[in-house]
Amino acid sequence: MASNLVQITRRGFGETMRKDGWWWQSLAVFLGFSAFIVYSTWAAFQGAHYTFGPYLSPMYSPLIWEAAGQPLSTHSWLGAWPSWMPNLPLPITPAFLILWAPGGFRFTCYYYRGAYYKAFWADPPACAVGEPRHEYRGEKKFPLILQNIHRYFLYVAIAFIGILAYDAIAATQFKDGFGIGVGTIVLTINVILLGSYTFGCHSLRHLVGGGCDVLSDKPVRRGLWNWVSKLNKRHMLFAWMSLFWVGFSDFYVRMCSMGIFTDYRIF
Amino acid sequence: MVDYRTEVSEGMVVLDAVHQIQAESAPDLACRWNCKAGKCGSCSAEINGKPKLMCMTRLDTIDVTKPVTIEPMRAFPPIKDLISDISWNYEVKKRIKKFKPRPPDAADGTWRMQQSDIDRVQEFRKCIECYLCQDVCHVLRDHVKHEEFIGPRFLVYSAALEMHPLDTEDRVDELKDEFGIGYCNITKCCTKVCPEHITITDNAIIPLKERVVDEHYDPLKKLVKLFRRK
Ligand code: SF4
Ligand code: SF4
Ligand code: FES
Ligand code: FES
């Protein structure tokens, strides 16, 4: 093969002839993700104020056990926090039992991968901008080769959509019967955005039909493929909207539970 | 880097300015071009640091009150001025298994296929081989993995063959090993620079990565295959 490849000169970190603000996009992604990580970690450690009446924060759903020391709500699947749970130096809350699933799903998502490789790892910092490291393994070798398990996280994520849809329906069951509050709408938008994100997944697109070269003789799969492809086109948009809204939903329920927000009943 | 000055007028593209400089002050300034219509893929360069076709970049889209930099594509060895040696690309293409259609569907040696099945690869066939995507890809440009990675252009080419409804060849193993699809970290710079607006990463590379997962990294699929073979 061409032996003159050695003549290619590499650029140093941040070196580029680009004259536009190439750094702002990576910076925005960096700040956006960081803000979410900080908030969600903080919220997960709270172990309190994750429910308010019929509402359950999506960061605590499914609520397998009620958090230690919390009164039993209608949301808990198996009742109170079990006594056999080990006491660790850092408190574990019900959030930690489930957050690995959506966390892992987003961490291995094709869109997020591309975005955080740029924003957090500067690989590359932006298109046509020099990199800090010369060594490169990409996703061909360990550890990033593990990103290929994404489809397994997808299976779990689809189950979570079902659970969150149930939560949104449950959010209409007030003490005095059926009703719609601002929180019901917040949680409904949450499951719609999360669904739009999850059902636009590249792995799902492949599984429903992308893996076949001929779909004209498989009407159901062709329909699904077209539908997933449509959502997939806006995958980045839904990734951000759903990320923001999950955080906001938790915040809303938390603020209501703490008595800072008043939840208005619309119906 | 050499500085040239030239007068610009309305409607000019970067390639016009280069030609004007050739005519006025630098008759030996080397540049490739052919169609001046964005269809031959010859005039690729880096304009103010961004990989672009010179003939499709209008001067009114860039700030000409400051000096404009035009460089050859940096992911390939330089030859002279704006020309770099793109022959590596031709070598890569030869390594990809050719189209191998199934036996003809009709007695007259022709095939039948549905438009909806061929739609998917139609997009990939718009490629004009300008190699701008190869140029911007950091795997080639910054990590010089030319020996281990075929680059976005040839992942698009592989996708066009691999997803073709008539094709019977299997290129998944090469994609994983010699063609190094795993080096792509889906940062989408190739998609951003493609003058034909091919959705390289989302429609070609990721679906191929998923096919590689099917064959090599999905433990459940492997198990199923094991039983099917028996
Ligand atoms: S998406 Fe992949 S092929 Fe395209 S520029 Fe980025 S690393 Fe290269
Ligand atoms: S895929 Fe697009 S950028 Fe790459 S060579 Fe073809 S036309 Fe050029
Ligand atoms: S690719 Fe983003 S969720 Fe699967
Ligand atoms: S001269 Fe043909 S693409 Fe620019």
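A salt bridge links the side chains of Asp213(A) and Arg211(B), with N and O 2.9 Å apart. This pair runs between chains: Asp213(A) sits in the loop between helix H7 (202-210) and helix H8 (219-233) of chain A, while Arg211(B) belongs to helix H9 of chain B. The model is predicted. Asp213(A) is partly exposed, at 22% relative accessible area, whereas Arg211(B) is buried, at 7%.

**Other salt bridges between chains A and B**

- Between chain A and chain B the count is 7 salt bridges, and over all chains the count comes to 35.
- Asp218(B) and Arg151(A) form a salt bridge through their side chains, at 2.8 Å from N to O.
- Asp218(B) is in the loop between helix H9 (200-217) and helix H10 (219-229) of chain B, and Arg151(A) is in helix H5 (residues 150-170) of chain A, so this pair joins two chains.
- Asp218(B) is buried, with 2% relative accessible area, and Arg151(A) is buried too, with 1%.
- Arg11(A) forms a salt bridge with Glu71(B), and their closest N and O atoms are 2.7 Å apart.

- Lys94(B) and Glu91(B) form a salt bridge, with the closest N and O atoms 3.3 Å apart.
- Both residues lie in helix H2 (residues 87-95) of chain B, 3 residues apart, which is about one turn of the helix.
- Lys94(B) counts as exposed at 59% relative accessibility, and Glu91(B) as partly exposed at 36%.
- Salt bridges with shared partners connect Arg151(A), Glu210(B), Asp214(B), Asp218(B) and Lys221(B) in one network.

**The interface**

- The size of an interface is often given as the accessible area lost when the parts come together.
- About 5000 Å² is buried between chain A and chain B, and carbon and sulfur atoms give 52% of this area.
- In chain A, 53 residues are in contact with 63 residues of chain B.

**Chain A as a whole**

- Chain A has 9 helices and 4 strands, in the order α-β-β-α-α-α-α-β-β-α-α-α-α along the sequence.
- The C-alpha trace of chain A spans about 75 × 55 × 40 Å along its principal axes.
- Of the 267 residues in chain A, 51% are buried.
- The accessible surface of chain A is about 13200 Å², and 70% of it belongs to carbon and sulfur atoms.
- Chain A carries 22 positive and 13 negative charges, whose mean positions are 7 Å apart.

**Helix H1 of chain B**

- Buried residues in helix H1 (residues 14-24) of chain B include Val14(B), Leu15(B) and Ile21(B).
- The cover over the buried residues of H1(B) includes strand E1 (44-47) and strand E3 (70-71) of chain B.

Technical notes:
Residues are numbered from 1 along each chain as its sequence is written. Chains are lettered from A and ligands numbered from 1 in the order in which they are written. This is a predicted model: local features need pLDDT of at least 70, side-chain atom pairs count only at pLDDT 80 or more; totals for chains, interfaces and linings use all residues. Side-chain values use heavy atoms; hydrogens and water are left out. Buried means under 20% relative accessible area, exposed over 50%, partly exposed in between (1.4 Å probe, protein chains only). Accessible areas come from the Shrake-Rupley method with a 1.4 Å probe; for residues, only the protein chains shown count as cover. Lys and Arg count as positive and Asp and Glu as negative; His and the chain ends are not counted. The place of a charge is taken as NZ of Lys, CZ of Arg, CG of Asp or CD of Glu. Contact means heavy atoms within 4.5 Å. Buried area is the accessible area (1.4 Å probe) that two parts lose on being put together, summed over both. A salt bridge is a side-chain nitrogen of Lys or Arg within 4 Å of a carboxyl oxygen of Asp or Glu.
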